[in-house]
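Please open the structure in your viewer and keep the selection panel at hand. The stops below are given in the order in which they may be selected.

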Number of protein chains: 2
Amino acid sequence: MQKIAVLRWGHRFRDERLTTHVALTARAFGVCEFILADVKDEKIKATTEKIVQRWGGQFDFNMGVSWKNAVKEWKAKNGIIVHLTMYGENIQTSDVLQRIKATRKDVLVIVGSQKVPSEFYSEKISDFNVAIGNQPHSECSSLAVFLDRFFEGKSLVKGFKGWKIKVVPKPHGKHVIKHR
Amino acid sequence: MQKIAVLRWGHRFRDERLTTHVALTARAFGVCEFILADVKDEKIKATTEKIVQRWGGQFDFNMGVSWKNAVKEWKAKNGIIVHLTMYGENIQTSDVLQRIKATRKDVLVIVGSQKVPSEFYSEKISDFNVAIGNQPHSECSSLAVFLDRFFEGKSLVKGFKGWKIKVVPKPHGKHVIKHR
């Protein structure tokens, strides 16, 4: 099965909560590796790791590596790069998702912010530029919908090994069980 | 067709970018009405309205109304309340989405933050508590996936009337057209 990792580009410290949400979205939707490129933000790392400790699963949080090196490394391991951008091929009207799957290669998903380097759009970097609709919205939303569709919803029922806390779905109220 | 509005609860000023992303997600995924409950944040309103002016469509941005009054009004107009929460019925494993559609009623989607009032989970407020997976992630992601599934992806190809700028999807590079 194709593995997916996520690279977050363009994080600034004021984006703390947004980038945390991107990382948690990656984890919840079945990604095992996260790269916060070019910067280090200990607070986000700590928040994410705390969630992983409580809720389980395997999720590698890396930071500080340059996006260029991360991309180079990924390609050296025969992986492909998918850049989520509103300028790319529309996931709803094109066959871009099928083409990504057909490669059967591991995918590094790049999520940026408003102004990403123009190189991201070129063939040299991104094998695919994918638009979750061609309107401006959010890297968080784009990532969630991309992963939901890529994994055909299956990641939403994924079990996370080593959980200390777990939700039992309920129409009303809250039900949480704790692992002793 | 069922109309969807979004109510954002629990916004704090430090959440400016996150709430903006929630509003833009609502718009991009086919929602026409947004309520920033209990607070006013002129900056978010201005950012959102600027996007609407450039990219088109109809999107009412309301703020300052209390969530209680908004819910009461919505119910008085025979609408239903859907609360997105990791504690609710899993959208992937349950038939909750079908049941929501089967009501054929207009939907007010409540997206909160970590600590929402416990009343939100009760039958008195929420007709449905829906979990986009039962793991912690993001209100932005939850809203995007809920809307993507509700509209079966169709909102991602929706045209926005009165646009001044528009993207032409492209595998590589950027292509934007401007309306004279």
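The tour begins with the two chains together and then turns to individual residues.

This is a predicted model, in which local features need pLDDT of at least 70 and side-chain atom pairs count only at pLDDT 80 or more, while totals for chains, interfaces and linings use all residues. Residues are numbered from 1 along each chain as its sequence is written, chains are lettered from A and ligands numbered from 1 in the order in which they are written, and side-chain values use heavy atoms, with hydrogens and water left out.

**Both chains**

Display chain A and chain B together. Chain A can be laid on chain B by a turn of 180° with a shift of 0.0 Å along the axis, giving an RMSD of 0.0 Å (least-squares superposition on the C-alpha atoms of residues with pLDDT of at least 70 in both copies). The two copies are therefore related as by a two-fold rotation axis. To locate that axis, select A:Ser141, the residue of chain A that comes closest to it, with its C-alpha at 2.3 Å.

**The interface**

Next, select the residues of each chain that touch the other. In chain A, 56 residues are in contact with 56 residues of chain B (contact means heavy atoms within 4.5 Å). Of the interface residues of chain A, 100% are also interface residues in chain B, so the copies meet through the same surface.

How much area do chain A and chain B bury between them? The value is about 4,700 Å², 61% of it on carbon and sulfur atoms; buried area is the accessible area (1.4 Å probe) that two parts lose on being put together, summed over both. Within chain A, highlight A:Arg17, A:Tyr87 and A:His172, which lose the most area to chain B and together account for 15% of what that side buries.

Now show the side chains across the interface. The rule finds 4 salt bridges between chain A and chain B, a salt bridge being a side-chain nitrogen of Lys or Arg within 4 Å of a carboxyl oxygen of Asp or Glu. Select B:Arg17 and A:Asp15, which form a salt bridge whose closest N and O atoms are 2.2 Å apart. Colour the side of chain A that touches chain B by element: α1 (16-28), α2, β4 (80-90) and α5 (139-150) each give two or more residues to it. Helices (H or I, at least four residues) and strands (E, at least two) are DSSP runs, numbered from the N terminus.

Move to A:Thr48 in helix α2 (residues 42-55) of chain A. A:Thr48 counts as buried, at 1% relative accessibility; buried means under 20% relative accessible area, exposed over 50%, and partly exposed in between (1.4 Å probe, protein chains only). Neighbours within four places in sequence aside, A:Thr48 is in contact with A:Ala23, A:Leu24, A:Phe59 and A:Phe61.

Then select A:Lys72 in helix α3 (residues 67-76) of chain A. A:Lys72 is exposed, with a relative accessible area of 59%.

**Two positive phi angles**

Most residues other than glycine have a negative phi. Select A:Asp38, in the loop between β2 (33-36) and α2 of chain A, where phi is near 70°. A:Asp38 is partly exposed, at 39% relative accessibility.

The last stop is B:Glu152, in the loop between α5 (139-150) and β7 (165-167) of chain B. B:Glu152 has a positive phi of about 50° although it is not a glycine, and counts as partly exposed at 48% relative accessibility.
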